[in-house]
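The sequence and the model are shown first.

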Amino acid sequence: YQARGAEDWQGLDGGRAGCVSLFEFDPAAVVLLAKVRERVLASVPGEDSIDVEELFETLSASAHPAKPGRLEALEFRSVMRSLGFSKSDSDRVFSHLDALGGTGQGCRGAAYITAKDFLWLLRLGGLVHLDPV
């Protein structure tokens with residue numbers, strides 16, 4: 001079992017660089033998330049330090065969220081439309097950012113994202129090398 005696990009893990013490292021990142025698991029998701037991250041950062045004029053809560057509130061204000069501090073799928077689509085993304089891309093990003101994969105299953109009710117999810121998005125560069133993306 002252990003030898004097979006190592007073999008499978010090495011199979012993810014196609015370039016044999018000795019590094020496996022989120023990109024190897026889902027390259028299309030990483031590319032899309034990187035585009036969103038880039039556009040979100042472009043919406044913050046000249047800020048060296050970003051207040052994620054303030055950024056989230058600013059981006060979500062136009063969507064008029066039903067519950068403050070969180071965006072459900074339709075509200076998120078509105079925010080993403082303002083950044084130039086299609087409905088299908090918005091839904092994919094939502095499912096990547098939502099802790100439950102956009103399903104809303106479990107005890108918490110409807111799926112949603114918060115400022116913490118945007119913080120994760122902004123830290124994407126720490127999970128994967130974004131320069132070539």
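Leaving aside its neighbours within four places in sequence, with which residues is S90 in contact? The residues are F76, R77, M80 and F85. The setting of these contacts is described below.

## Overall architecture

The model is predicted. Its protein chain has seven helices and two strands, which follow one another along the sequence in the pattern α-α-α-α-β-α-α-β-α. The chain comprises 133 residues, of which 32% count as buried. Among contacts with a separation of 6 or more, 52% are made by residues 24 or more positions apart.

Helix α6 spans residues 87-97, and its buried residues are S90, V93, F94 and L97. These residues lie on the same side of α6, because they cover an arc of only 105° around the axis. The elements against which the buried residues of α6 pack are α3 (27-42), β1 (71-72), α5 (73-82), β2 (112-113) and α7 (115-122).

S90 itself, located in α6, has a relative accessibility of 1% and therefore counts as buried. Its side chain reaches the backbone oxygen of S86 at 2.8 Å.

## R77 in helix α5

R77, one of the residues in contact with S90, has its place in helix α5. Beyond its neighbours within four places in sequence, R77 is in contact with K87, S90 and D91.

With D91, R77 forms a polar contact of 2.7 Å between the two side chains. R77 can also be placed relative to V93: the two are 16 residues apart in sequence, and their C-alpha atoms are 9.5 Å apart in space.

## Helix α4: buried and exposed faces

Helix α4 covers residues 52-61, and V52, L55, F56, L59 and S60 are its buried residues. Their arc around the axis is only 120°, which puts them on the same side of α4. The face turned away from this buried side carries the exposed residues E53, E54 and T58. E57, also in α4, is partly exposed, with a relative accessible area of 39%. The C-alpha atom of E57 is separated by 8.6 Å from that of P68, a residue eleven positions away along the chain.

At the start of α4, a side-chain oxygen of D51 comes to within 3.0 Å of the backbone nitrogen of E53. The buried residues of α4 pack against α3, β1, α5, β2 and α7.

A polar atom of the S60 side chain lies 2.8 Å from the backbone oxygen of F56. When residues up to four places away in sequence are not counted, S60 touches P65, L71 and V79.

How are α3 and α7 oriented relative to each other? Their axes come within 9 Å and cross at roughly 105°; the two helices are therefore roughly perpendicular to each other. On the α3 side, L33, V36, R37, V40 and L41 take part, and they meet F118, W120, L121 and L122 of α7. By class, this contact of α3 with α7 has eight nonpolar, no polar and one charged residues.

The axes of α4 and α7 also come within 9 Å, with a crossing angle of roughly 110°. α4 and α7 are therefore roughly perpendicular to each other. Here V52, E53, L55, F56 and L59 of α4 meet A115, F118, L119 and L122 of α7. The class composition of the contact between α4 and α7 is eight nonpolar, no polar and one charged residues.

Notes: Residues numbered from 1 in each chain as written. Predicted model: local features only at pLDDT ≥ 70, side-chain atom pairs only at ≥ 80, totals over all residues. Heavy atoms only, no water. Buried < 20%, exposed > 50% of the residue type's maximum accessible area, 1.4 Å probe, protein only. Helix = DSSP H or I, 4+ residues; strand = E, 2+ residues; numbered from the N terminus. Arc of directions from axis to C-beta. Contact = heavy atoms within 4.5 Å. Axes fitted to C-alpha atoms, helices over the stretch in contact; angles between N-to-C directions. Parallel < 35°, antiparallel > 145°, perpendicular 65-115°, else oblique. Nonpolar A, V, L, I, M, F, W, Y, C, P; charged D, E, K, R; others polar. Polar contact = N/O pair within 3.5 Å; in protein donor to acceptor, adjacent residues only side chain to side chain.
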